[in-house]
Amino acid sequence: MIKTIIFDIGNVLAGFDWRSFYGKQGYDDAMVARLGRATVQSDDWKEYDRGCVSDEGMIELFVENDPEIENEIRTVLADFHDLVTRYDYAIPWICELKRKGYQVLVLSNFSDKALKECWSALDFLPYVDGGILSFQDKLIKPMPEIYHLILGRYHLKAEECVFLDDTQANVDAAKKVGLHSFRFVNRQQAEEELKKLGVE
């Protein structure tokens, strides 16, 4: 029986569309793709989410990935506001699940800077029962340790939890730890998957 719903944040409870974020700053598709390769698509971004790199250290690592666009990198990452966008359904969905008696947690790769500067898009956080943001514990998905950590911290049984994430590698890692897990596409699809697990 499922007792706890564990949500990823980016593209599940809030939007994370870095392509639009870069594009809105005036860059064409080619430059957006180049910026993406140097930043959010690089392994360095994961280390930043893990809380192991300072804000300036992050910039330096990204610049090393593509020195020719240093100015563009510094410009797009100076301010994270609007990098994460609000989903209107997040709070009602969380509240609905809690009314039905489920514990609701989050488990997300997230940086300190994104948390501070995108707070308006994360207004659902006060409604959840807790969770883990990667930078706080120096662990990121799909490391198995982060799944074991949330299970231990909240005294959970893996078989009584379901984890929703938009990235298949994170879903697969959760399954290996024993959590019910599936890839999130949209709310309707997720609710159908949850029903299969007895979450009405």
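Reader: What is the order of the strands in the open sheet of 5 strands?

Author: Strands in a sheet pair through backbone hydrogen bonds, either parallel or antiparallel. Here the open sheet of 5 strands has the order S5-S4-S1-S6-S7, with parallel pairing. Strands are DSSP runs of E, at least two residues, and helices are runs of H or I, at least four, numbered from the N terminus. Two strands pair if DSSP finds at least two bridges between them. This is a predicted model: local features need pLDDT of at least 70, side-chain atom pairs count only at pLDDT 80 or more, and totals for chains, interfaces and linings use all residues. Residues are numbered from 1 along each chain as its sequence is written, and side-chain values use heavy atoms, without hydrogens and water.

Reader: Which strands stand at the edges?

Author: Strand S5 (131-133) and S7 do. Each has a single partner strand, so one side of each lacks a neighbour in the sheet.

Reader: How many bridges join S1 to S6?

Author: There are 4, and S1 (residues 4-7) runs parallel to S6. Ile5 stands opposite Val162 in S6.

Reader: Which residues of helix H10 are buried?

Author: An α-helix has 3.6 residues a turn, so residues three or four places apart point the same way. In H10 (residues 168-177), Asn170, Val171, Ala173, Ala174 and Val177 are buried (under 20% relative accessible area, 1.4 Å probe, protein chains only). They cover an arc of only 165° around the axis, which puts them on the same side of H10. The arc is taken from the directions from the helix axis to the C-beta atoms.

Reader: What covers the buried residues of H10?

Author: The cover includes helix H9 (144-153), strand S6 (161-165) and strand S7 (180-183).

Conventions. Buried < 20%, exposed > 50% of the residue type's maximum accessible area, 1.4 Å probe, protein only. Contact = heavy atoms within 4.5 Å.
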